[in-house]
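User: I'd like to go through this model piece by piece. Can you take my questions as they come?

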Amino acid sequence: MELLSAENVVAVSTAVAGIVASAVMVWYERRVPRRKRIGYRVQMDNPIGDDVTSGRANVRLGLFDEAPGMHQATLVLLRVENDGSQGIGHDDYTSRELHGLTAVFTDRSIRGVSVTQPPGTDHLMSHFTPHAGFGYDPGGNALRIPRVPLNRGEHFKLLVLLSGGDVGRDIRLVGGIRDGEVHPNRSATPDDKPPLFSRAARLITLMLTVSVLTLSAIVVVRDDTPPPLGCEKGTLTITGSTAFAPVVRDLAKEYEKDCEGAEISVEARGSSAGVGELAALEGTSAAERASMIAFHDGPSKRADGSLTRLPMALSVFALVVNDALRLPGGGLTTADVKRVYAGDITYWDELDPKLPHWRVVLVSRDADSGTRQVFQDRVLDGTWEGVPSTSLDCDVRTDRAAPVRCELDSTEEVLKKVAQIRGAIGYSELNIATGRDHVSRVRLDGAEPSVAALEQAARPYPYFGVEYAYTYGDPPGGSLAGSFLDYVRNNGETLIRTHDHVPCSTPEGERLCRDAA
C-alpha cells in the first residue's frame, strides 16, 4: 500500500484538522468565559416621504404634515437582542441610572416611540414604563431603555419617529453588561436572524466538509479491486452470432477493463459463418487457432470433431411483426406460424378474417444464421422455411399470388425491415427486439417471449436456444481465449442477465441449458 497516496494524505489531513479544531474548541470553552451579550442592529432607517437629501420636496399627509418639525422626519426600527450564551437579568445591567441602556440618534430629535416584541414574549412589555426608566427628553436624541430581562435568543424592537436630521446618521446603543458586552450586529432585514455559528466555526466546518467529500470521492472513484485471477494479454477475435453480439461486446469491454494488455475485437458475421471461419484455421499454428472464438445460436451443424463447444447462455428469441398488424390476442399459435412459413398464407386475412388484407412478407435470415436455425428447429419442428426467397429487399411488388420472402445478413437488418413494411413478420433475439419503434413481439401459444415464460413449466415458451462458444480444440493453458471464457463463466453472470439471457454457469441456468441442448 502506497503511504503517500492521495486518499491517505487527505485522510490524515482531515484527522489532524479535526483534532486541532476539537482542541481549540475545548481550550476556548475552558479559557474563555461564556459571555453575556446584547446585540443591536438598525433594521430600518427611512425618510417619511421622498429623500430630503435629493433636493426634492418632502411629500407628507395627515399628522406627518400637520405636526411641526416634520420636514425632515425619519423612521428607525432598532432591534435589541440577547445573542449571547446566557440569559440576562435585571441586575446584569451596569448602568448607575434607573434605566439599563441608552439609544443615541446623532443629529436627530425623538418625536415618538413604539415597542414591539415577538409572540410568546408578552412579559417583556411590563418593563417598558416610566417607572422603570423608559422615556426621552423633549427635543433630545437619547432614548432611555429599561433593564429588560432577556432570555437567550429573545429580542424586542423599537420603532422611533425622529426629526431634524437625515437618514444614515450614527445610531448607537450605550450601556454595559456585567461579564459581557453591548455590541452592534450586522444590518439585516426585519425577518433575518443572526448567524448561528461564528465565521471561524463556519470556516472550520467548511474545511472539514471539503476534506471529507474529497476523501469520499477518491475512495469511490478509485478502483482497488484486484484483477481477476487468470488474466492474459494478447489479441482475440470473436466472431459468429449477430444476435448474441451485444452481450459479447459488453463482456469484451469488461475483460479489457479488468485485464490490462488484452485486445478483443468482435466481428459478428452470423453463427454459421463464424463457425466456418473458425474451422478454416485448420493447418495454421496453435497460436492462430487459439486466437478466435465463434459464438453460435444453438448447436452448429457445420462443426466437426476439431471444434469444441461450451454452453454459455440460454437465449430467448421472438417472432416480430410490424406494429400496424394487430394480431388477435397479440400472438399466434405454432400451427399458425408453420402455415405462414410453409407458404400456405399469402394474405393475412386468410389466416384470420379479422386481420387486414395485407400481403404476408417473410423477413428471414440467410442460411448462415443461428437464429434462423433455432427458429426452424424449435418452432418449425426441424423443417425448412417452405417459401423460396423472392426478393433481395422484400419488395412487395413481386408475384402477388404468393407471400414475399427475403433473406438478410443480420438481426438488426431484419428489425429495420419489419418496422418499414406493413404485414411483415420476422424473428430476432429477444433483447434486441425489445423497445423497437414500429415493431411488436408475438406471443407463441399464449406465452409471452420472456425468460420468465421460458421457466414456466405449465406453458413453456417454445422459441429459445443455447448460445455456444466454439473454439478450435480445447483452449491451451495461458491463452487469452481460455481466460476470456473462464471470465465470462465466473464474472459475467450479471451482465448476461441484463441482456435477458440466462447464464449457463448458475445451477438453474445449467439445468435449463442442459434441457435445451
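User: Let's start with Tyr-487: is Tyr-487 buried or exposed, and what is the relative accessible area?
Analyst: Quick ground rules: this is a predicted model, where local features need pLDDT of at least 70 and side-chain atom pairs count only at pLDDT 80 or more, while totals for chains, interfaces and linings use all residues. Residues are numbered from 1 along each chain as its sequence is written, and side-chain values use heavy atoms, with hydrogens and water left out. Buried means under 20% relative accessible area, exposed over 50%, and partly exposed in between (1.4 Å probe, protein chains only). Tyr-487 therefore counts as buried, with a relative accessible area of 7%.

User: Which helix is Tyr-487 in?
Analyst: Helices here are DSSP runs of H or I with at least four residues, and strands are runs of E with at least two, both numbered from the N terminus. By that numbering, Tyr-487 lies in helix H12.

User: How far apart in space are Tyr-487 and Leu-251, C-alpha to C-alpha?
Analyst: Along the sequence, Tyr-487 and Leu-251 are 236 residues apart. In space, the C-alpha to C-alpha separation is 8.8 Å.

User: Which residues of H4 and H12 make the contact?
Analyst: Contact means heavy atoms within 4.5 Å. From H4 come Leu-251, Ala-252, Glu-254, Tyr-255 and Asp-258. The H12 side supplies Leu-480, Ser-483, Phe-484, Tyr-487 and Val-488.

User: What is Ser-479 in contact with, leaving aside neighbours within four places in sequence?
Analyst: Ser-479 is in the loop between strand S20 (464-472) and H12. With 11% relative accessibility, Ser-479 counts as buried. The contacts are Glu-232 and Ala-290.

User: Which residues have the most contacts inside the largest nonpolar core?
Analyst: A nonpolar core is a set of buried Ala, Val, Leu, Ile, Met, Phe, Trp, Tyr and Cys residues joined through side-chain atoms within 4.5 Å. The largest one has 52 residues, and its largest share, seven residues, comes from strand S13 (residues 307-322). Apart from that core lies another of 27 residues, including Val-76 and Phe-134. Back in the largest core, the residues with the most contacts are Leu-314, Leu-319, Val-337, Tyr-341, Trp-348, Phe-375 and Tyr-463.

User: How far is Ile-425 from Val-360, C-alpha to C-alpha?
Analyst: Ile-425 is in strand S17 (residues 424-429) and counts as buried at 0% relative accessibility. Among the residues that Ile-425 touches are Leu-319, Tyr-341 and Trp-348. Val-360 is 65 residues away along the chain, with the C-alpha atoms separated by 7.6 Å.

User: What is the phi of Cys-394?
Analyst: Most residues other than glycine have a negative phi, and most peptide bonds are trans. Cys-394 is in the loop between helix H8 (370-378) and S16, and counts as buried at 3% relative accessibility. Cys-394 is also one of the residues touched by Val-404, which is found in strand S16 (residues 404-408). Though not a glycine, Cys-394 has a positive phi of about 60°.

User: And how exposed is His-438?
Analyst: His-438, not a glycine, has a positive phi of about 65°. His-438 lies in the loop between helix H10 (430-433) and strand S18 (439-441). The relative accessibility is 48%, so His-438 counts as partly exposed.
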